[in-house]
Every structure is written in structure tokens, then in C-alpha cells.
Amino acid sequence: MAKEKTHRPKARTPRGFEDRAGEAIARERAMVGAIQTVYERYGFDALATPSFEYADALGKFLPDDDRPNQGVFSLQDDDEQWMSLRYDLTAPLARYVAQNFEALPKPFRRYQVGTVWRNEKPGPGRFREFTQCDADCVGAPGPAADAEMCAMMADALEAAGLAKGEYLVQINSRRALNGVLAAAGLGADDADGAAARLGALRAMDKLDRLGTEGVRLLLGEGRKDPSGDFTPGAGLSAGQIDVVMAAMAALRDTPAATLDALSEVVRGVEVGERGVEELTEMAASLDALGRLEGRCRIDPSIVRGLEYYDGPVFEAGLRGAGEAGEDEDGARFGSVASGGRYDGLVKRFRGAEVPATGMSVGVSRLLAALAAKEGLGAAPAGPIVVLVMDRDRLPAYQAMAAELRAAGLRAEVYLGGSGVRAQMKYADKRGAPVAVIEGEDERARGEVTLKDLILGAEMAASIDDNKTWREDQPAQVAAPRGG
């Protein structure tokens with residue numbers, strides 16, 4: 001009789017998700033802690049919202065089908081209501097504010113760190129599960145609140161490990177952008193006008209990747225990439241393209257000069273002039289906060305949140321000479337933090353606009369950037385490892401580890417079943433800075449041997465004579481058991 005085959009599932013990670021071990025988690029924890037400290041210093045309080053929200057509360061991905069799974073992961077609860085894993089931390093905030101509106105102080109200042117999920121096609125550096133680190137101010141209508149967000153973004157990036165000059169917070173206004181489009185004759189509110197504006201904004205948003213000529217082509221008939229694929233353009237006329245490109249090229253050496261150049265483009269267009277006023281007020285606030293010089297700048301070429309933000313927008317890119325994707329000022333446009341004003345988000349629940357502005361630090365992307373910096377590639381030190389020389393004395397070794405922990409040190413006892421040589425290899429794999437050894441001889445002398453594994457590894461690279469290594473016992477000292 002044939003033996004029934006046992007089914008064993010294949011050990012595999014779902015696409016778009018990743019396992020993370022101790023080192024990566026420790027680095028993320030340290031970064032998030034540093035950013036949280038900045039948020040709290042600015043007077044923001046922590047908030048935790050559930051991982052699931054009712055699907056109709058998410059806003060961006062409303063169910064239009066029997067299953068609302070476009071962009072989100074969804075399931076039905078017992079009463080057949082669709083729930084979805086949150087795709088960001090802002091939609092849950094809007095729901096929370098609407099639900100608790102009367103009881104909350106206004107402005108309401110909160111920060112939140114949490115996992116979010118996107119049911120989207122994964123790719124290199126693009127995951128379906130990742131961490132966001134947000135701060136939002138709900139109920140503050142003026143540009144001063146947006147400027148504070150930019151200043152806090154700069155402080156958070158520096159607390160996380162970037163130095164002044166290694167990043168740049170770039171600031172624009174959706175109102176200014178709308179004014180530019182209106183000045184170019186794209187102000188119609190019908191479907192064709194909306195489609196033309198959206199096409200123009202999408203073309204403008206590719207400046208960092210395609211450059212001036214690439215954007216100009218996408219604003220017009222379209223662009224063929226090096227592979228031969230053709231992307232249809234927004235269909236603007238030559239005169240309309242000139243207006244848009246004049247705004248994209250309005251960046252000058254000083255905020256005042258930049259704003260003057262942008263004002264010329266939107267002169268006579270009310271929404272555009274209002275956007276310039278917003279940016280002028282933000283520049284004044286950032287100047288007073290000392291964050292303009294080398295940290296933040298007004299940049300009319302920044303486009304983000306095509307269907308989300310309705311006021312100032314800002315994003316932080318990395319800077320670095322000689323790197324791909326940078327402009328003449330050396331600023332890379334790979335965003336590690338972003339934000340903006342979204343006065344219409346809470347309106348979905350309450351029927352009236354509630355002013356709000358916020359920012360988010362992309363923890364995963366920033367961790368990758370910091371890991372690439374010189375000096376940040378080394379793994380953090382592991383725990384001190386107490387070796388087990390005599391298994392009958394295991395409780396005594398555990399007492400040693402407890403003493404080390406009480407002194408504020410990371411420590412563990414080797415609890416495997418191998419001998420001393422394998423235990424030393426284990427300590428090396430754990431990244432242990434020190435191994436503690438107490439054999440019969442040490443115990444008779446009332447001592448322990450401390451082996452500096454980091455120094456030992458460095459010395460091993462320069463000592464070729466095994467006899468010298470054994471006799472000198474480098475990076476190894478005796479210490480009194482009680483000390």
C-alpha cells in the first residue's frame with residue numbers, strides 16, 4: 001500500500017512583504033525614537049488608531065465593487081461591513097477628529113508611528129507593508145502652521161542622522177500651481193479642463209526625472225523614451241507650455257527673488273496670487289525660525305499630491321554631489337519626507353472644511369539613505385555573552401548575566417548544547433563585544449576572564465604567528481568576580 005504523501009507548505013515570504021531581523025529593527029527603533037522626541041518637543045501628543053478602518057472611511061479607495069480591494073486589503077466583519085487595513089495614517093486621523101471633534105482642543109496636534117499597508121504592485125524599494133512617522137495639526141488655518149511643519153521636518157531629519165546640507169525641504173503651493181495653470185489658459189472647470197490640468201501637473205511632477213526638455217515634451221504632444229515607448233502628452237499649445245515652464249524655472253538665489261519671478265507668471269490670477277502670499281508668509285516664518293538657510297527653500301517646480309493637497313506642499317529630498325537625479329543645486333528628489341495642507345479631508349465626515357496640515361517621514365527610505373552614509377554600515381553591538389563552561393553551574397552563569405543586566409548592559413547566557421569553541425563562534429555571530437568566561441581555574445581565583453571580541457578580531461588581522469596568538473592571549477583580561 002502506497003504511503004500517503006505528507007504535504008509540507010513551502011517556506012516563502014508573500015510578495016511585497018519582508019522579514020526584518022534584530023539589527024534592522026534596532027535601527028528603526030532608534031530613528032523613530034529620535035523623531036518622536038522632536039515631535040514632542042514641538043508640543044505634539046501621541047495617538048494610536050486601529051490597523052483596520054471601515055472601507056468607506058478611507059476616502060481615497062471607496063468601494064465601487066462587491067469587494068473594495070483596489071489599493072487596500074479588505075475583509076468583512078460579522079455584520080458584513082467591509083473593513084480595510086489602513087493605507088496611511090492621515091485617513092484614520094480624519095475619522096478620529098470627526099468622531100471626537102467637540103472634545104478635542106483646536107488646534108489638535110498629534111503624531112503617530114505605525115504600520116500601513118498598500119495593495120499595490122510591489123517593486124524594488126516598494127513594499128506592501130511599511131512604517132510611517134506622521135505629525136499633523138488640525139484646526140490651524142494659517143501658513144505659519146505649514147511653516148512650522150517644514151521646520152519640524154528639518155529638525156526630525158537631523159535628529160534621525162542627516163546633517164544640515166545633506167537634505168533640502170522644498171516648498172510650493174497648490175494654489176500657486178493652480179494659478180500657473182489658469183494663467184496658461186487651463187482654468188476651465190469642465191471635464192476637458194480638469195483632464196488638461198491633471199495632465200499638465202503630472203508632466204510637471206516629472207521634472208526631477210526627465211529634466212526641462214522631457215517635461216516640455218509631455219506638456220505638448222508627448223514623449224518617446226529611450227526604449228521607444230511613447231507617452232502621450234497633455235496637449236498644451238506652445239504658448240501655454242511657455243507659461244508653465246516659466247513658473248518651473250522661477251527658482252532664484254533668494255526666496256524673495258523666487259517669489260517675485262513666480263508673481264510675474266500668476267499676476268492677475270487671484271488663486272495664484274493667494275498662493276504666492278502663502279509662500280511669502282511661510283518664508284517669513286521659516287526665516288524667523290532659522291530654517292531657511294541651507295535647510296528649506298521655496299521651489300515653484302515642486303508638485304505633489306495631485307488630488308489630495310489644497311494649499312502649501314513640501315517634500316524633503318537628499319542632497320549629494322555627483323549623484324543621479326540631482327538638480328544644479330545638488331538636491332536629489334528621492335523624497336524621504338513630505339507633507340502639505342489638506343483642509344478638505346475632515347469635510348467628508350462633517351460637511352464643512354476643517355483646516356489641517358501635516359507631514360510624514362518615510363522611515364524605511366531614510367534608513368536606507370543613512371545606511372549608505374560612511375560610518376553607518378556597521379551593525380550595532382550585540383549582547384555580552386556569558387559562556388557555559390560547566391553545565392552543573394548554569395544557575396551561577398545566569399546570575400552573572402542578571403548582574404550585567406542590572407548594571408544596564410545587554411547580556412545573555414549561552415543556552416545551546418555545544419562546547420566552548422562553538423560558543424565563541426556563537427558570540428561572534430551575535431556581534432557580542434565581550435565574552436565572559438568562568439571555568440574551574442577562574443572560579444578558584446575568584447575571577448572571570450573577559451575576552452574583548454571586537455579588539456580580538458582587529459588584532460587577529462595583524463598577527464600571523466599562531467604561537468604568539470596563543471601565548472600572548474591578546475584582547476583578554478582577568479577581572480575580580482565581585483568587581
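**Around Ser 360**

Q: What is Ser 360 in contact with, leaving aside its neighbours within four places in sequence?
A: Ser 360 is in contact with Gln 132, Cys 133, Asp 134, Ala 337 and Ser 338. Bear in mind that this is a predicted model.

Q: And which element is Ser 360 found in?
A: Ser 360 is in strand S13, which covers residues 356–362.

Q: Is Ser 360 buried or exposed?
A: Ser 360 counts as buried, because its relative accessibility is 15% and the cut-off for buried is under 20%.

Q: How far apart are Ser 360 and Asp 134?
A: In sequence, 226 residues. In space, 4.2 Å from C-alpha to C-alpha.

Q: What do the side chains of Ser 360 and Asp 134 make?
A: A polar contact, at 2.6 Å.

Q: Switching to strands. How does S2 run relative to S4?
A: Antiparallel. Strand S2 (residues 52–54) is joined to strand S4 (residues 82–85) by 3 bridges. Tyr 54 stands opposite Met 83 in S4.

Q: What about S3 and S4, in which sense do they pair?
A: Strand S3 (residues 74–76) pairs with S4 in the antiparallel sense, over 3 bridges. Here Gln 76 stands opposite Trp 82 in S4.

Q: How many residues lie between S3 and S4 in the hairpin?
A: There are 5 residues between them. Glu 80 is in that turn.

Q: What is the phi of Glu 80?
A: Positive, about 65 degrees, although Glu 80 is not a glycine.

Q: Buried or exposed, that Glu 80?
A: Glu 80 counts as exposed, because its relative accessibility is 61% and exposed means over 50%.

Q: Backbone again. Which peptide bond is cis, with omega near 5 degrees?
A: The bond from Lys 106 to Pro 107. Pro 107 is found in the loop between helix H2 (90–99) and strand S5 (108–117).

Q: On to charges. How many salt bridges does a search of the whole structure find?
A: It finds 17 salt bridges.

Q: Take Arg 350 and Glu 102. What is their N to O distance?
A: Their side chains meet in a salt bridge at 4.0 Å, N to O. Arg 350 lies in helix H10 (residues 347–350) and Glu 102 in the loop between H2 and S5, so this pair ties together parts 248 residues apart in sequence.

Q: How exposed is Arg 350?
A: Arg 350 counts as partly exposed, at 38% relative accessibility. Glu 102 is exposed, at 68%.

Q: And Arg 110 with Asp 136, what do their side chains meet in?
A: A salt bridge, 2.6 Å from N to O. Arg 110 is in strand S5 and Asp 136 in strand S6 (residues 129–138), so to speak distant parts of the chain, 26 residues apart. Both Arg 110 and Asp 136 are buried.

Q: Which residue does Arg 393 form a salt bridge with?
A: Glu 438, with the closest N and O atoms 3.7 Å apart. Arg 393 lies in the loop between strand S14 (384–386) and helix H12 (394–406), and Glu 438 in the loop between strand S16 (434–437) and helix H14 (440–445), so the pair ties together parts 45 residues apart in sequence.

Q: Is Glu 438 buried or exposed?
A: Glu 438 counts as buried, at 4% relative accessibility. Arg 393 is partly exposed, at 28%.

Q: Last one. Which residues do salt bridges that share partners join into one network?
A: Asp 146, Arg 341 and Asp 343.

Technical notes
Residues are numbered from 1 along each chain as its sequence is written. This is a predicted model: local features need pLDDT of at least 70, side-chain atom pairs count only at pLDDT 80 or more; totals for chains, interfaces and linings use all residues. Side-chain values use heavy atoms; hydrogens and water are left out. Helices (H or I, at least four residues) and strands (E, at least two) are DSSP runs, numbered from the N terminus. Buried means under 20% relative accessible area, exposed over 50%, partly exposed in between (1.4 Å probe, protein chains only). Contact means heavy atoms within 4.5 Å. A polar contact is a pair of N or O atoms within 3.5 Å; within protein, one must be able to donate a hydrogen and the other to accept it, and residues adjacent in sequence count only if both atoms are side-chain atoms. Two strands pair if DSSP finds at least two bridges between them.
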